[in-house]
Amino acid sequence: MDKNQAYVQNVSIEEIPWYRIGTAYGMASDFPKYFEEIWNMDSLASVKDALSEIMNDIEHQGTLWHSTPFAMIFLVRSLEHAVGETEERQIADYMITTLLDFFVLIAECYYDFCGEIEEGDAEDMLPFFSDMLKEEYLASENEDEDSVLSIYEENEDLFYSFWYYSYRVLLYARPLLEKLENTSYGEKAQELLEML
């Protein structure tokens, strides 16, 4: 297991400074609350709302954001949790179906983005997943949206890393997806596996 995979497997929600990383619509400050609602699976309505908020914030018209790779870690964990709950909770079925569809979209965004960047630029990712949380890449508490966007514009390696590491999270999820191949989710899991 490499350093990035170990990070993805072990990082906790509390270790991510959500209030300092951007989404399509501001900062990701509410993400811990949304992830808790998803994990608890108390009601279909709350799970739908929380998933919708996160998915709309981390992908917009093919663009991924600073929060995307970190949110992907916890969405994959939520998928694994839901798979373990399929016999007990109907909500799990909604989660699995929704997340698999969303992960296909993220993989498509990755391939679309890779097709647009120059070949030499593709090597300009940050070397480690956790590098995206270096102080120089984080917004201060009082920064506006334009200031946050300028951080991304000034740091192409950070910007490219949003796509690269979001995709890496999916690659690390291959064993989980392979477990779904002979289930009712097999077709969608296979579609995603073929993209990884």
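What radius of gyration would a compact globule with 196 residues have, and what does the chain have? A compact globule of that length would come near 16 Å, and the chain has 16 Å, which agrees. The radius of gyration is taken over C-alpha atoms, and the globule rule is 2.2 Å times the number of residues to the power 0.38.

## Basis of the model

This is a predicted model, in which local features need pLDDT of at least 70, side-chain atom pairs count only at pLDDT 80 or more, and totals for chains, interfaces and linings use all residues. Residues are numbered from 1 along each chain as its sequence is written, and side-chain values use heavy atoms, with hydrogens and water left out.

## Overall layout

The chain holds 9 helices and 4 strands. Helices (H or I, at least four residues) and strands (E, at least two) are DSSP runs, numbered from the N terminus. Read from the N terminus on, the order of elements is α-β-β-α-α-β-β-α-α-α-α-α-α. The C-alpha trace spans about 50 × 35 × 30 Å along its principal axes.

Contact means heavy atoms within 4.5 Å. Of the contacts between residues at least 6 apart in sequence, 72% join residues at least 24 apart.

## Surface and charge

Of the 196 residues, 49% count as buried. Buried means under 20% relative accessible area, exposed means over 50%, and partly exposed lies in between (1.4 Å probe, protein chains only). The accessible surface comes to about 9,900 Å², and 43% of this belongs to carbon and sulfur atoms. Accessible areas come from the Shrake-Rupley method with a 1.4 Å probe; for residues, only the protein chains shown count as cover.

There are 11 positive and 42 negative side chains, and the centres of the two sets lie 7 Å apart. Lys and Arg count as positive and Asp and Glu as negative, while His and the chain ends are not counted. The place of a charge is taken as NZ of Lys, CZ of Arg, CG of Asp or CD of Glu.

## Helix H4

Helix H4 covers residues 67–84. At 1.5 Å a residue, its 18 residues should span 26 Å, and its end C-alpha atoms are 26 Å apart, which agrees. The expected span of a helix is 1.5 Å times one less than its number of residues. H4 is mostly covered, with 14 of its 18 residues buried.

## Two residues with positive phi

Most residues other than glycine have a negative phi. Met41 has a positive phi of about 50° although it is not a glycine. Met41 sits in the loop between helix H2 (31–40) and helix H3 (44–58). Its relative accessible area is 1%, so Met41 is buried.

Gln61 also has a positive phi of about 50° and is not a glycine. The loop that holds Gln61 runs between strand E3 (59–60) and strand E4 (63–64). Gln61 counts as exposed because its relative accessibility is 72%.

## Buried residues in helices

Ile38 belongs to helix H2 and counts as buried at 0% relative accessibility. Not counting residues up to four places away in sequence, Ile38 touches Val47, Ala50, Leu51, Ile54, Ser78 and Met95. The C-alpha atoms of Ile38 and Ser140 are separated by 28 Å, with the two residues 102 residues apart along the chain.

Ser161 lies in helix H7 (residues 156–172). With a relative accessible area of 0%, Ser161 is buried. Its contacts, not counting residues up to four places away in sequence, are with Met125, Leu126, Met132 and Ser166.

## Buried residues in loops

Ile21 is in the loop between helix H1 (3–10) and strand E1 (22–23), and at 0% relative accessibility Ile21 counts as buried. Leaving out residues up to four places away in sequence, Ile21 touches a set of residues including Ile16, Met27, His66, Phe70, Leu133 and Tyr152. Ile21 and Asp57 are 36 residues apart in sequence and 11 Å apart in space, C-alpha to C-alpha.

Leu180 is found in the loop between helix H8 (174–179) and helix H9 (186–193). Leu180 is buried, with a relative accessible area of 2%. Apart from its neighbours within four places in sequence, Leu180 is in contact with Val83, Leu100, Tyr185, Gly186 and Ala189. Leu180 and Glu53 are 127 residues apart along the chain, and their C-alpha atoms are separated by 26 Å.
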